[in-house]
Amino acid sequence: MPAMQSRSGSGRRRTINEINMVPFIDVMLVLLIIFMVSAPLMTPGVVDLPTIGQAQRQPDRVIEVIVDADGQLRLKVDGRTPAGSDPDERVAMGRLAARVKTLAEGAAQVPVIIAADKGVRYELVVKVMDTLQRAGVARVGLAVRTTGG
């Protein structure tokens with residue numbers, strides 16, 4: 001008899017290496033039934049999204065400030081060089097606001113778009129935007145190029 005006690009580990013119990021999965025499966029089935037019953041009773045939230053059909057018409061005139069790679073400023077109106085101007089005419093930063101106001105012909109809501117080369121320092125683009133906003137130009141935006149199809 002004493003030999004048997006030493007084999008069993010001096011009366012210690014053996015640890016159980018298996019996990020009983022039955023209670024876990026029962027809980028999961030109860031949760032599944034609760035979700036199956038409650039899902040049809042939930043009403044989806046309504047989100048008001050903007051529609052394209054209600055967009056305003058295109059503006060009559062758009063002024064574009066082009067910032068070249070070397071930091072020089074040029075102006076275009078409706079994609080063309082303004083009448084009576086040289087296509088390569090550069091505008092100084094100090095004269096930019098006055099020139100844009102002249103091209104806007106007194107209209108307060110004429111949009112001004114800043115189109116900058118990707119190599120231009122961000123500081124210069126912000127300076128152009130700040131100059132226009134301080135001069136009272138209400139609609140100043142940035143031109144973007146879309147990629148892909």
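Contact here means heavy atoms within 4.5 Å, and it is in this sense that the word is used for the predicted model shown in these close-up views.

**View 1. Val 128 and the residues that Val 128 touches.** Val 128 has its place in helix 4. Not counting residues up to four places away in sequence, Val 128 touches Val 65, Val 67, Leu 73, Met 93, Leu 96 and Ile 114. With a computed relative accessible area of 0%, Val 128 is buried, since that class takes in values under 20%. Leu 96 lies 32 residues from Val 128 in sequence, and the two C-alpha atoms are 8.3 Å apart in space.

**View 2. Helix 3 and the elements that cover its buried residues.** Helix 3 spans residues 93-104, and its 12 residues reach 17 Å from the first C-alpha to the last, which is close to the 16 Å expected at 1.5 Å a residue. The buried residues of this helix are Leu 96, Ala 97, Arg 99, Val 100, Leu 103 and Ala 104. An α-helix has 3.6 residues a turn, so residues three or four places apart point the same way. The cover over the buried residues of helix 3 includes strand 1 (63-67), strand 2 (73-77), strand 3 and helix 4. Just after helix 3, Glu 105 takes a positive phi of about 55 degrees.

**View 3. Asp 130 in helix 4 and Val 140 in strand 4.** Asp 130 is found in helix 4, whereas Val 140 belongs to strand 4, which is made up of residues 140-142. The two residues are 10 residues apart in sequence, and their C-alpha atoms are separated by 9.5 Å. Asp 130 is partly exposed, with a relative accessible area of 34%, a value that falls between the limits of 20% for buried and 50% for exposed. When its neighbours within four places in sequence are left aside, Val 140 is in contact with Val 112, Ile 114, Met 129, Leu 132 and Gln 133.

**View 4. The largest pocket and its lining.** About 300 Å³ of space lies in the largest pocket. Strand 3 (112-116) and helix 4 (122-134) are the elements that give two or more residues to the lining of this pocket, and strand 3 gives the most, with three residues. The lining is formed by Ile 114, Ala 115, Ala 116, Asp 117, Lys 118, Tyr 122, Val 125, Leu 142, Ala 143, Val 144 and Arg 145. By residue class, the lining divides into eight nonpolar, no polar and three charged residues.

**View 5. The whole chain, as a setting for the close-up views.** The secondary structure of the chain comes to four helices and four strands, and from the N terminus on these elements run in the order α-α-β-β-α-β-α-β. Of the 149 residues of the chain, 19% count as buried. The accessible surface of the chain comes to about 12,500 Å², and 57% of that surface belongs to carbon and sulfur atoms. Among the contacts in the chain with a separation of 6 or more, 56% are accounted for by residues 24 or more positions apart.

How values were computed:
Residues are numbered from 1 along each chain as its sequence is written. This is a predicted model: local features need pLDDT of at least 70, side-chain atom pairs count only at pLDDT 80 or more; totals for chains, interfaces and linings use all residues. Side-chain values use heavy atoms; hydrogens and water are left out. Buried means under 20% relative accessible area, exposed over 50%, partly exposed in between (1.4 Å probe, protein chains only). Accessible areas come from the Shrake-Rupley method with a 1.4 Å probe; for residues, only the protein chains shown count as cover. On a 1 Å grid over the protein atoms alone, a cavity is a set of points where a 1.4 Å probe fits but cannot get out, and a pocket is an open set with protein on both sides within 12 Å along at least five of seven lines; lining residues have an atom within 4 Å of a point. Grid points are joined across faces, edges and corners, and a volume is the space filled by probe spheres set on the points. Ala, Val, Leu, Ile, Met, Phe, Trp, Tyr, Cys and Pro count as nonpolar, Asp, Glu, Lys and Arg as charged, and the others, Gly among them, as polar. The expected span of a helix is 1.5 Å times one less than its number of residues.
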